[in-house]
Amino acid sequence: MPLVIVCGFPCSGKSRRAAELGRFVREKLQRKVAAVGEQSPGAERNRVYSDSRKEKELRGALKAEVERKINQEDVVIMDSLNYIKGYRYELFCLVKHAQTPHCLIHCDTAVDVCSSWNQQRAPEEQYSQEVFDALVMRFEAPESRNRWDRPLFTIQKDDTLPFDAIVDAIIHRKAPPPNQSTLNQPLSSTNFMFELDRVTQEMVMTILNAQKTSVPGDLITVPGANVKIELTRGLHMAELRKLKRQFVSYTKLHPTEDIGQIANMFVQYINRSLH
């Protein structure tokens, strides 16, 4: 299923836009629509979004549901805040892996309007003011220059959805090509996990040492990779360790028989995180 990601502030009209698009796809295109979104009442949402662990679990559950439903025929509409740039990138990797198109709809509604709409909800369906303000502050607006945020459709509250352009993006456009870090790989050799940890740890230390004599804009060469790291900014140990953990977790699910490709795959992963 092609994937449509809807994002925006709390109470910005995301569910209304998702419903409008769903009706159009079912009635005009005669295609099935799978909706993925938060079904929790307001009180539960407030508990989730005020607890980083619970919020992370929610994002993981939504992502898993998208992964289960996505294929190359019908349309999945993901109706959630989707406010984190890195999370939208993870969803982009899913569509690359599934080799199906996607697009992003940004409900760009003014904060004061969103706040008013929130207050018009039934009390049990409202975001608390504290949670509402925190989510607005944390929102990372999509940018069309990021390949995981495009095609991007920015919609104001009184706009009509550009149905034809959206259909062209998700039905007629070619899917993003997979690369080595999103392709399913053959089953690994017995020492794969040892080599994965060893190679990535060596690369982390190489990057840290190279930064002592580098400036943003330099290309860093790491052992075993023919692709260079495009250093657009400094990378601290904590961030490199986080990238290593994420890459190792992903690669455990998609191992490769060619251990020699681990370094290149990790460089690709780091470069995408920097851009």
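Author: A disulfide is counted here as a pair of cysteine sulfur atoms within 2.5 Å, and in this predicted model the structure holds zero disulfides.

Reader: How do you know that cysteine 11 is in no disulfide?

Author: The nearest cysteine sulfur to that of cysteine 11 belongs to cysteine 114 and lies 7.0 Å away, whereas a disulfide requires the two sulfur atoms to be within 2.5 Å, so cysteine 11 is in no disulfide.

Reader: What rules out a bond for cysteine 93?

Author: The closest cysteine sulfur to that of cysteine 93 is in cysteine 7, at 17 Å, and this is too far for a bond when the cut-off is 2.5 Å.

Reader: Why are cysteine 11 and cysteine 93 each called buried rather than exposed?

Author: Buried means under 20% relative accessible area; cysteine 11 has 7% relative accessibility and cysteine 93 has 12%, so each of them counts as buried. Of the 275 residues of the protein chain, 45% count as buried by that criterion.

Reader: Among contacts between residues at least 6 apart in sequence, what share joins residues at least 24 apart?

Author: With contact taken as heavy atoms within 4.5 Å, that share comes to 79% in the protein chain.

Note on methods: Residues numbered from 1 in each chain as written. Predicted model: local features only at pLDDT ≥ 70, side-chain atom pairs only at ≥ 80, totals over all residues. Heavy atoms only, no water. Buried < 20%, exposed > 50% of the residue type's maximum accessible area, 1.4 Å probe, protein only.
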